[in-house]
Amino acid sequence: MKNKSFWIKFIIAAVLIGIIVYTFRGSWGDIWQQVKQTSPVVLAMIGGASVIYHLFEAWITCSLAREYNPRFRYRDAVYCAFFCSFYRLSTLGSGAGIAAVIFLGKKQVGYTEATGLYAIQYILHKASIALFSGIFFLVNWRVMAAYYRSYAPYLILAYALTLLISIALVLAVVYPKFHRLILWLVRKLNYKNKLDGVVGKLEASIGILEQSGTKLLKDWKTLVSCVVRNIAKLFFWYSIPFLILHQSGAITLRTSLSVTSLSVMTAAVIPTPAGIGSTELIMTGLFGVLVDVNQAMAITLLYRTATFIFPFVVGAGCILGERVVKRFRRLNPR
């Protein structure tokens, strides 16, 4: 079943990438020239922006995890951030949450508590994306209104869908009636009593999930702090287009933040694996209004590399390094 799910997502991603390749079939030479013109200094800066993003992500994870394990270390949270990035790409999005729960469970955060923690962290992440986009849409109102007024119905729909997704996630974590509905559906499927064990485990897990989720949601100071840190981490990712084009002066930092945040928020409501394809299409379309389409596509490719492929490589290095260290210690015990 897992393999089938993976291949379905793989096919969806492949189709979207195929559409992008076909759409820009006559421009790849020019696009590659734009990418090649990117200096090593700029590549280092966008790589650094990606690292800082993950350091903020780790800070958020550490704050929430210490609610359950006060001895949880920041360096473990940094490893977790890149560990999840590795599984986000290798599983096309679905494995990041599972990887986080498994890792936190190994660090003395109960698996069910870790599930509630990750759910809350994801909710705060989604809400922060919408908040960031809304703030910078207003801050950069003159440019956004001038170039994207015709997109207004789609933008309103994207904000509305993001809000609905966030509400649904909150309900899934803490709302008892929603949980009772899930249990009712599972019991209906259990008419032959073959799922008694599953139902029992689900009932126990839902009870703990409610408690852990409610506990975190009541700590409003931590939640506000996490939202602020989320906005800070997003700043570094969303500044990447500006870093790429800063020497040409084609876009300002404010425009980079407002357009990139709008692209990511809009792409996030399209059900594609890990945003593959949808992010590229929307980001290229929105930046294509401001700069040459070849530059827009180059921005998108470098942005995807910095936020998706580079963290995957770092995560792979972390996992490999940990295994080498464990093997060395096993072969050379003190």
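I started with Arg304 and Glu280, whose side chains form a salt bridge at 2.7 Å, N to O. Arg304 sits in helix H15 (residues 293-331) and Glu280 in helix H14 (residues 278-287), so this pair ties together parts that are 24 residues apart in sequence. I then looked up burial: Arg304 is buried, with a relative accessible area of 13%, and Glu280 is buried at 10%. A reminder to myself: this is a predicted model.

Next I asked how many salt bridges there are. The count comes to four.

I moved on to Glu57 and Lys233, which make a salt bridge with their closest N and O atoms 2.3 Å apart. This pair links distant parts of the chain, 176 residues apart, with Glu57 in helix H3 (residues 40-65) and Lys233 in helix H11 (residues 220-238). Both Glu57 and Lys233 are buried.

Then I checked Arg73 and Asp76, which meet in a salt bridge at 3.0 Å, N to O. Arg73 is partly exposed, with a relative accessible area of 36%, whereas Asp76 counts as buried at 10%. I also noted that Arg73, Asp76 and Lys107 are linked in a network of salt bridges.

Last, I turned to helix H9 (residues 176-189), which has 14 residues and reaches 20 Å from its first C-alpha to its last, close to the 20 Å expected. Which residues of H9 are buried? I found His179, Leu183 and Val186. They cover an arc of only 60° around the axis, so they lie on the same side of H9. On the other side of H9, I found Lys177, Arg180 and Lys188 exposed.

Conventions. Residues are numbered from 1 along each chain as its sequence is written. This is a predicted model: local features need pLDDT of at least 70, side-chain atom pairs count only at pLDDT 80 or more; totals for chains, interfaces and linings use all residues. Side-chain values use heavy atoms; hydrogens and water are left out. Helices (H or I, at least four residues) and strands (E, at least two) are DSSP runs, numbered from the N terminus. The expected span of a helix is 1.5 Å times one less than its number of residues. Buried means under 20% relative accessible area, exposed over 50%, partly exposed in between (1.4 Å probe, protein chains only). The arc is that of the directions from the helix axis to the C-beta atoms.
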